[in-house]
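Here is a short briefing on a predicted model. Look over the chains first, then read the points below.

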Amino acid sequence: MNVTIVDYNSGNISSVINSFKEVAKDKVNIEVTSDLNKIKSSEKVVLPGQGSFKSCVDALNSIKGLVDTLNEVVISNKKPLLGICVGLQMFADIGYEEKETKGLGWISGKVSKIDNQNGKYKLPHIGWNQVNIVKDSKIFKDIENNSHMYFVHSYEFIPKDKNVITATTDYSSNIVCSVEKENIFGTQFHPEKSDKLGLQIIKNFINL
Amino acid sequence: MLKNRIIPCLDVKNGRVVKGINFIDLKDAGDPVEQAKIYSDGGADEICFLDITASNENRDTIYDVVEKTSKRCFVPLTVGGGVRSVDDINKLLNCGADKVSINTAAVENSKVVSDSSKKFGSQCIVVAIDAKKNGKNWEVFTHGGRNNSGINAIEYAKKMEENGAGELLITSMDRDGTQIGYDIDLMSKISSKINIPIIASGGVGNLDHLVDGIKLGNASAVLAASIFHYGKHSVKEAKEYLDSKGIPVRI
């Protein structure tokens with residue numbers, strides 16, 4: 001099996017690569033590429049994302065045909081995709097970081113800044129927070145409710161349809177930290193940096 | 001609920017772990033990759049490497065250390081020391097660092113902070129501030145604590161937040177290596193003036209100091225070296241102690 005990590009110059013993806021390789025060992029081939037044919041032929045796709053919503057969307061758009069390919073793989077061919085951090089945020093229709101930017105529109109909703117309640121909450125939301133599992137998700141197999149995951153972000157995804165939300169985390173409000181819509185999965189936290197439990201989530205995705 | 005973080009820091013010189021007592025009198029204490037793995041297995045919330053390699057010929061040793069560590073530790077890894085440019089940051093991130101801390105270069109040219117946070121995102125840019133008390137104020141020191149820039153540390157902290165730093169790592173030069181506790185006054189003053197998280201550093205001698213750093217210093221995370229390093233306390237013990245004092249930690 002091939003799992004492709006989309007390399008679209010979205011910042012630092014070394015940790016994502018290392019963690020997937022650690023979990024995959026020699027059983028699954030982890031491809032790191034922006035090659036459209038390789039993405040099309042892989043069984044599963046990982047969409048990482050660091051930096052701002054706008055910079056990630058711009059980076060996706062700067063690779064000719066990449067967005068169309070992702071749409072084909074994910075929307076038409078229904079292959080499993082895992083978005084991580086801004087990778088998840090880009091599922092939205094629109095993001096408001098830096099300036100209003102159109103997202104992939106896979107899960108209707110918007111990405112806006114976390115309300116810091118006049119400085120009561122520091123931003124970015126950095127560190128280990130608990131995930132409150134509100135709906136069973138395939139990627140949460142063997143993950144207990146209230147497990148700790150590592151977060152680092154200042155913006156949150158607010159989906160229109162609350163049924164896609166599989167977990168939230170408490171920081172200023174209940175922030176959406178995991179979504180699942182058919183073959184589309186996303187985590188706001190970083191499974192690749194969340195120690196053994198994070199690796200379990202990666203394993204769950206690979207084993208889907 | 002967001003947990004306060006405990007971050008063991010490893011001083012690395014020529015690819016080996018050392019810990020400075022007031023930045024001199026270094027002792028060797030092992031292989032950084034093994035040490036980092038022990039810490040992450042023991043529940044460290046992050047690992048920090050501070051590269052104190054002096055000579056340019058050996059500067060590449062840290063890249064190798066970071067690369068090996070990031071393949072074995074799956075918690076965030078922060079690397080600092082000798083980071084001069086956006087290119088240095090890029091190299092460290094490519095080796096597997098999750099965050100890079102910038103010290104002297106940020107004082108000399110704040111554009112390094114703004115450029116790198118734009119390019120890589122604020123989440124991976126930590127500005128390290130070495131501050132020393134002078135009368136009622138604190139001044140920012142550079143070059144591993146050797147040079148006084150004369151810059152007011154609190155004003156500087158605000159400026160670095162504006163420049164796009166995602167976190168500030170505040171080290172009290174007066175306390176570093178003394179084991180008498182963090183400079184709580186410095187930590188709480190900076191924390192109250194900025195909206196990004198601060199990591200308290202310099203002076204930890206016992207577990208109560210960690211408690212004070214969080215409760216009184218309002219630090220989001222506490223960094224320590226010696227108390228973990230020479231086996232005085234494990235990270236697990238530290239977390240259990242903080243938990244017993246009502247501080248939210250990941251156990």
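Helices (H or I, at least four residues) and strands (E, at least two) are DSSP runs, numbered from the N terminus. Two strands pair if DSSP finds at least two bridges between them. This is a predicted model: local features need pLDDT of at least 70, side-chain atom pairs count only at pLDDT 80 or more, and totals for chains, interfaces and linings use all residues. Residues are numbered from 1 along each chain as its sequence is written, while chains are lettered from A and ligands numbered from 1 in the order in which they are written.

**A sheet in chain A**

- Strand 7 (residues 109-113) and strand 11 of chain A run antiparallel, joined by five bridges.
- Lys113(A) has Tyr155(A) in strand 11 of chain A as its bridge partner.
- Both strands belong to an open sheet of four strands in chain A, in the order 6-5-7-11, with mixed pairing.
- Strand 6 (101-102) and strand 11 (155-159) of chain A are the edges; each has a single partner strand, so one side of each lacks a neighbour in the sheet.
- Strands of a sheet pair through backbone hydrogen bonds, either parallel or antiparallel.

**Where the chains meet**

- 30 residues of chain A are in contact with 29 residues of chain B (contact: C-beta atoms, placed from the backbone, within 7 Å).
- On the chain B side, helix 3 (residues 86-95) gives the most, with three residues.
- By class, that side of chain B has twelve nonpolar, ten polar and seven charged residues.
- Ala, Val, Leu, Ile, Met, Phe, Trp, Tyr, Cys and Pro count as nonpolar, Asp, Glu, Lys and Arg as charged, and the others, Gly among them, as polar.

**Chain B overall**

- Chain B has ten helices and twelve strands.
- Its radius of gyration is 16 Å, close to the 18 Å that the globule rule gives for 251 residues, so chain B is as compact as a globular protein of that length.
- The radius is taken over C-alpha atoms, and the rule is 2.2 Å times the number of residues to the power 0.38.
- Of the 251 residues of chain B, 55% are buried (20 or more other C-beta atoms, placed from the backbone, within 10 Å of the residue's own).

**Helix 10 of chain B**

- In helix 10 (residues 235-244) of chain B, the buried residues are Val235(B), Ala238(B), Lys239(B) and Leu242(B).
- They fall within an arc of 95° seen down the axis, so they line one face of the helix (the arc is that of directions from the helix axis to the C-beta atoms).
- Their cover includes strand 1 (5-13) and helix 8 (207-215) of chain B.

How values were computed: Two residues are in contact if their C-beta atoms, placed from the backbone, lie within 7 Å. A residue is buried if 20 or more other C-beta atoms lie within 10 Å of its own, exposed if 12 or fewer, and partly exposed in between; C-beta atoms are placed from the backbone.
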